[in-house]
Amino acid sequence: MGLKILGTGLYLPEKVVTNEDYTKIVETSDEWIVKRTGMKERRITGEPTWVMAKKAAENALENAGLSPLDIDLILCTTVTSDYITPSLACIVQGAIGAKNAVAFDINAACAAFVYALDMAHMYLANGYKRILIISAEALSKITDYTDRSTCVLFGDAAGACIVTSSEKKFASALGTDGTGANTLFARRPLNDIPFVEQADPQSVDHFPDVNRPGVLYMNGREVYKFAVSAMSHALKDACEKFGTSPEELDLIVPHQANLRIIQSAAKELGLPLERFFVNIDKYGNTSSACIPVGLAQLDAAGKLIPGKKIGLVGFGAGLVYGGCVFEL
Ligand code: ACO
């Protein structure tokens, strides 16, 4: 059994932050950011994450021609939930009036949309009919705007996708390396326990804000190395399980963390860069929202063509990775 996309949606905040804007707050340049990341702009907002999620969900419902009452499961992914509890999914369920839906969150950082889709696939096999996945991230809330090595990377966005079962195939490959937990993390503002037990002292020296609660810490070089191998490994593995090869994929929507990571993964897979969807120049890294926002943009452009084979691939804090392949 596979899955079928019934509708996609997105929400991109209006406020644009350019590379030039960062030169006013940290020592950086447009040239460095473009050359090292491929990013030119991102969007940020002061809205709660659930408001962003609600807007993306309503957009997806409208595009699918469905009512909130048609949804029987809502899966939300976020690393910037407004509350420790309740979940983002419960708040959105109430806000859109999807009273027939069970709702809960999934935390798999930037790879979480792929994890949610994989979970949706299993729930569909168990009888659920229409599942709404929403990935909403307000990374500006956890960005350390004094750390030039991370603050230029992140933006806010929300993407949504409604899926149902289909006769077509679906395959996924997920993986976790928890020994890399200290390379990318954010402490809860309420949590007074510093994440130092596993932290590399060198990284602590290099990133002075490592112990400040509430903001994202990242050892960029370590995450970079993990990302390149995880991206190609996850896609190859998912293709193998599907019974195809990466060359057979018509389209790949990768996590948008760094253009160089996407280029390296394309090279490792022996695929042209044109096969990969890229919008990193406009929106930066919006964590788990990158992939569903990409899907919604492709959908709006009429590029999610039935019969085409698509690959999705993400990686992120955990460290985790996930790839999946399905026929549209
Ligand atoms: N402007 C100017 N110089 C900078 C900036 C900046 N914005 N940021 C870092 N530098 C400097 C560093 O201080 C360093 O200077 P030094 O040599 O004097 O120490 C130099 O540039 C090189 O630093 P590197 O860290 O080696 O730069 P690199 O080319 O690796 O790029 C980057 C850094 C963009 C962070 C890269 O490592 C990367 O993309 N890593 C992966 C990030 C990622 O994939 N994150 C995904 C998960 S995010 C999530 O889960 C929410």
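Predicted model: local features only at pLDDT ≥ 70, side-chain atom pairs only at ≥ 80, totals over all residues.
In our model, helix α3, which covers residues 49-64, packs with helix α4, residues 88-96, at an angle of about 55°, and their axes are 9 Å apart. An angle of that value makes α3 oblique to α4, and the crossing of α3 and α4 is right-handed. On the α3 side the contact is made by T49, W50, A53, K54, A57, E58 and L61, while α4 contributes L88, I91, V92, A95 and I96. Sorted by class, the contact of α3 with α4 comprises nine nonpolar residues, one polar residue and two charged residues.

Staying in this region for a moment, I would point to the loop between β4, residues 73-77, and α4, where Y83 is placed. Y83 is partly exposed, at a relative accessible area of 47%, and its C-alpha atom is separated by 9.7 Å from that of W50, although Y83 and W50 are 33 residues apart along the chain. P86 is found in the loop between β4 and α4 as well, and the peptide bond leading from T85 into P86 is cis, with omega near 10°.

As a reminder, an α-helix has 3.6 residues a turn, so residues three or four places apart point the same way.

As for the geometry, α8 and α9 pack at an angle of about 45°, with their axes 9 Å apart, which makes α8 oblique to α9, and α8 passes α9 in a right-handed crossing. From α8 the contact takes in Y224, A227, V228, S229, M231, S232, L235 and K236, and from α9 it takes in R260, I261, I262, S264, A265, E268 and L269. The residues of the contact of α8 with α9 divide into nine nonpolar, three polar and three charged.

Next, a word on H121, which lies in helix α5, residues 112-125. Is H121 buried or exposed? With a relative accessible area of 15%, H121 is buried, and, leaving aside residues up to four places away in sequence, H121 touches M1, G2, L3 and F170.

Finally, I turn to the backbone, bearing in mind that most residues other than glycine have a negative phi, and most peptide bonds are trans. A109, in the loop between β5 (102-106) and α5, has a positive phi near 45°, and at 6% relative accessibility A109 counts as buried. S287, in the loop between α10 (280-283) and α11 (290-300), has a positive phi near 50°, and S287 is buried too, with a relative accessible area of 3%.

Terms used. Residues numbered from 1 in each chain as written. Heavy atoms only, no water. Axes fitted to C-alpha atoms, helices over the stretch in contact; angles between N-to-C directions. Helix = DSSP H or I, 4+ residues; strand = E, 2+ residues; numbered from the N terminus. Parallel < 35°, antiparallel > 145°, perpendicular 65-115°, else oblique. Left-handed = near helix turned anticlockwise from the far one by under 90°. Contact = heavy atoms within 4.5 Å. Nonpolar A, V, L, I, M, F, W, Y, C, P; charged D, E, K, R; others polar. Buried < 20%, exposed > 50% of the residue type's maximum accessible area, 1.4 Å probe, protein only.
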